[in-house]
Amino acid sequence: MNCEFMSLSAALFAATLLAGAARAELPRDDWAFEDGYNNDLLYVHALSQYAWDLEEQFHWERQQYAGNALRVNTGSVSSDRLFTDIDLTVNEALNARWRFIGRFDRNGERRRSATTEQLQIGFERQVLQDSAVFVTLNPEYNKAFMDVAAGIATYRDDRTHYLRAAVVLQDFNFDSKNDDGAEQTQQAVALQWQARWPLANAWIIYSEGSVGRGYKRQFNDTSRSPELRFAAQRTNTAELRASKQDAHDHLWSVSAQWYDFSDAQRFDTPGADYDYTNREVVLGAEHVRKLSDKHRLRVLASYVDRQAQSAGFRAHDYTRSDILGGVFYEYLRVNSGITIGYTAGLPDFSYDAVLPANRFSGNNFTDKLIVGFRYTFSQRGVLRASVSQEVSQRGFGGGAVQYQMFF
């Protein structure tokens, strides 16, 4: 295990935070914010076909701070694009009071064409029997985009129940280290949290998120920033889930996710300024039931409400609602299983632009048939793989691989 931990720790140190590191460019007609607007399958992939099985999700939430954990979720979302999430947590005891802590999150964004990566490493010190304080830093190559965080934590039941909260000072070196001669008129500060705590009747509440005010920056040096004059950005996320597992290994879950993104930029070029916002709420429910020693059923449903708009460049209003569902039957073997699944979505989206010729809408029913295989190595590791084919529209299929490990 020591060699495995050292190699993963090295990988964790080598990872970088890419979000926000690129210089701003003038917006173009193929604006990245609008990518995916007319994609009927936008949420069928991520919320139905490629969603973590509730059993694995429940195990992840329980164990992610009890030791070291890794999970990878990757799947095709088009013939030339791959949706990939990576979560890595390291919680290694150094002595009776000190721990090395690390967390790396890579999110293949579903809401806009961007992939965000966040690395945090630091140390945690026990201050009371069940409580601790911690400090983390992300060692970003570009020092202008380094974050520092300080927080407190409380643990119960061998760290399977926890309350963690931290205040994060984002891009704290920006004024002195950025290459564009820019200065911050508003420092980005956020509250981040992770929590898993027992409720009555064997229910467990889980929550995680990051909420802050975002940054505002002024670019006054025309020699170092020829076009951009002002930039402001904010990203807030929150997730809340209530789950239950009974004595027969039946699982229930209800969840809510909230996403709030805004980006504004001002340029010298006329007509390039914009104010863009994108807000999304996802409500979900899932149930897993073991029918017998050989048969297992999983049912899930989601509802998505999304509102996006831009003022200025490519001014528009975009609304979308999706009703999604999926049912998966698994034939159980000793350490493996064979799955047959069916997922479907009913999207209803509308893009309202200034020019009538640029407006569009869609409400095509989409569904996919899925065949998958699971192999459970032990309580420490499980692998799932699947292939699919779109049915009603005879279009894109794709494959997916999920791997989860505790060490």
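1. Contact here means heavy atoms within 4.5 Å. On that basis, among contacts in the protein chain between residues at least 6 apart in sequence, 56% join residues at least 24 apart. The model is a predicted one, in which local features need pLDDT of at least 70 and side-chain atom pairs count only at pLDDT 80 or more, while totals for chains, interfaces and linings use all residues. Residues are numbered from 1 along each chain as its sequence is written, and side-chain values use heavy atoms, with hydrogens and water left out.

2. On the overall form, the protein chain holds four helices and 21 strands, where helices (H or I, at least four residues) and strands (E, at least two) are DSSP runs numbered from the N terminus. The C-alpha trace spans about 70 × 60 × 40 Å along its principal axes. The radius of gyration, taken over C-alpha atoms, is 22 Å, which agrees with the value near 22 Å for a compact globule of 407 residues, the globule rule being 2.2 Å times the number of residues to the power 0.38.

3. On a 1 Å grid over the protein atoms alone, a cavity is a set of points where a 1.4 Å probe fits but cannot get out, whereas a pocket is an open set with protein on both sides within 12 Å along at least five of seven lines, and lining residues have an atom within 4 Å of a point. Grid points are joined across faces, edges and corners, and a volume is the space filled by probe spheres set on the points.

4. The second largest pocket holds about 650 Å³ of space. Its lining has 28 residues, with Glu55, Glu56, Arg374, Thr376 and Gln379 nearest the centre. Helix 3 gives the largest share of this lining, five residues, and by class the pocket lining has seven nonpolar, eight polar and 13 charged residues (Ala, Val, Leu, Ile, Met, Phe, Trp, Tyr, Cys and Pro count as nonpolar, Asp, Glu, Lys and Arg as charged, and the others, Gly among them, as polar).

5. Glutamate 56 lies in helix 3 and is buried, with a relative accessible area of 7%. Leaving aside neighbours within four places in sequence, glutamate 56 is in contact with Val382, Arg384 and Gln404. The C-alpha atom of glutamine 404 is 9.9 Å from that of leucine 88, although the two are 316 residues apart along the chain. Leucine 88, in strand 2 (residues 81-93), is buried too, with a relative accessible area of 5%.

6. Two cavities of 30 Å³ or more are found in the whole structure. The largest cavity has a volume of about 250 Å³ and is lined by 21 residues, with Arg298, Phe328, Thr339, Arg384 and Gln402 nearest its centre. Strand 19 supplies the largest share of that lining, five residues.

7. The second largest cavity contains about 180 Å³ of space. Among the 18 residues that line the second largest cavity, Tyr65, Arg103, Gln120, Arg164 and Gln194 are the closest to its centre.

Technical notes:
Buried means under 20% relative accessible area, exposed over 50%, partly exposed in between (1.4 Å probe, protein chains only).
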